[in-house]
Amino acid sequence: MTVAAVAGQVPVLDLDRFGTDRRKLAEEAGDAYREFGFCGFINHGLPAQVIDDAYEIFRQFFALPDEVKQRYRSTAGGQRGYTPFGIEQARDQSIPDLKEFWHVGREMGEENPWPDILEPNFWPVEVPGFETKANALFQSLDELGKRILQLIAMSIGLAPDWFDERVARGNSVLRAIHYPPIRDKDTPAVRAARHEDINLITLLIGSSEEGLQILSRDDTWIPVTSIPGAIVVNIGDMMKRLTNHVLPSTPHRVVNPPGAKSGEPRYSIPFFMHPNPDFLIETLPHCISKERPDLYPSPITANEFLVERLREIKLL
Ligand code: OGA
Ligand code: NI
């Protein structure tokens with residue numbers, strides 16, 4: 001069986017096949033994305049130590065007193081550093097999500113064509129090793145994301161390396177999220193209300209913790225409790241737009257746990273992979289046909305698209 005396992009109903013594929021059976025693997029990933037907008041991968045090659053270290057530093061950070069965390073309050077747009085509880089709300093929602101988070105962006109070094117967009121990171125001095133460990137996870141996920149994008153490119157008839165240069169200086173963000181224990185059991189708010197991701201693809205580790213649900217084609221919520229060690233990768237709205245909805249970005253949410261479990265915190269670390277800020281999101285010609293007319297005749301840059309969305313989710 002080529003599909004290694006099934007988490008809920010979302011396929012989980014074996015990335016070891018990248019070296020031996022890439023074309024078929026790309027086809028199967030493409031099938032999963034067209035159907036679910038989500039796909040799991042095992043043997044993804046992320047070192048367990050890098051993941052464990054990252055969870056440890058982020059846990060330590062979130063456990064710091066409020067006034068310390070506030071020192072790292074993100075700048076406009078919330079794309080670097082700390083965003084407190086009760087700020088972000090999903091599009092079309094009237095109440096904020098039940099989460100706080102920390103964003104790590106790309107380290108640009110000397111060469112930064114967009115210093116106002118690819119802003120410098122913040123590093124909390126209170127947590128030893130934070131910078132090194134956070135960057136290690138960022139880099140591993142960036143590499144892995146490029147491999148997944150190669151599969152996606154192949155699955156829609158693009159050259160395998162089509163995305164490589166287009167994401168090389170992308171405004172990708174690693175988001176460490178802390179969902180605290182639910183204090184008010186009757187709250188109408190949820191940990192993360194129904195939403196679609198903004199970016200090209202999202203890589204989600206920590207998906208073994210319960211709570212994530214995705215909306216299936218028949219409008220029912222299916223839980224994604226992935227097998228241990230798997231990473232879940234989903235399509236975001238930039239990819240949906242680029243492919244003229246050939247690859248859908250599936251709505252998903254994180255629900256509040258029932259009973260005693262509501263007293264437990266939840267941590268997760270999505271990596272939002274973005275194109276370079278000046279990348280033009282222009283419908284791919286071969287995703288346009290008589291049956292599928294171009295839904296987006298006017299292109300938009302990745303950064304314009306991002307800014308528009310940040311306003312909608314109250315980060316700008
Ligand atoms: C997100 C998201 C899922 C999770 O931050 O966009 O969908 O499991 N997170 O925290
Ligand atoms: Ni999401």
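1. How far is an oxygen atom of ligand 1 from an N or O atom in the side chain of D197? In this predicted model, the distance is 3.1 Å.

2. A polar atom in the side chain of R266 lies 3.0 Å from an oxygen atom of ligand 1. For S268, the distance from a side-chain N or O atom to an oxygen atom of the ligand is 2.5 Å. As for how much of the ligand is covered, ligand 1 on its own exposes 290 Å², and the protein buries 97% of that.

3. Now for the neighbours as a group. Ligand 1 is surrounded by R175, I177, Y179, H195, D197, L204, H252, V254, R266, S268, P270 and F272. Sorted by class, this shell holds 6 nonpolar, 3 polar and 3 charged residues.

4. Strand 6 (173–179), strand 12 (252–254) and strand 13 (266–273) each give two or more residues to the shell around ligand 1. The largest share comes from strand 13, with 4 residues.

5. Where does the ligand sit? Ligand 1 is in the largest pocket, which holds about 620 Å³ of space. The lining of that pocket has 39 residues, and H195, E196, D197, I198 and H252 lie nearest its centre.

6. At least two residues each come from strand 6, strand 7 (192–195), strand 8 (201–205), strand 12, strand 13 and helix 7 (302–312). By class, the lining of the largest pocket divides into 18 nonpolar, 10 polar and 11 charged residues.

7. Finally, please take a look at the cavity. The count comes to 1 cavity of 30 Å³ or more, and the largest cavity has a volume of about 30 Å³. Its lining is made up of N171, H274, P275, N276, P277, A302, N303 and L306. These residues divide into 4 nonpolar and 4 polar, with no charged ones, whereas the lining of the largest pocket includes 11 charged residues.

Methods
Residues numbered from 1 in each chain as written. Chains lettered and ligands numbered in written order. Predicted model: local features only at pLDDT ≥ 70, side-chain atom pairs only at ≥ 80, totals over all residues. Heavy atoms only, no water. Near = heavy atom within 4 Å. Polar contact = N/O pair within 3.5 Å; in protein donor to acceptor, adjacent residues only side chain to side chain. Areas by Shrake-Rupley, 256 points an atom, 1.4 Å probe, with all protein chains shown as cover. 1 Å grid on protein atoms, 1.4 Å probe; cavity = no way out; pocket = protein on both sides within 12 Å on 5 of 7 lines; lining within 4 Å. Sits in = over half its atoms within 2 Å of the grid points. Nonpolar A, V, L, I, M, F, W, Y, C, P; charged D, E, K, R; others polar. Points joined across faces, edges and corners; volume = space filled by probe spheres on them.
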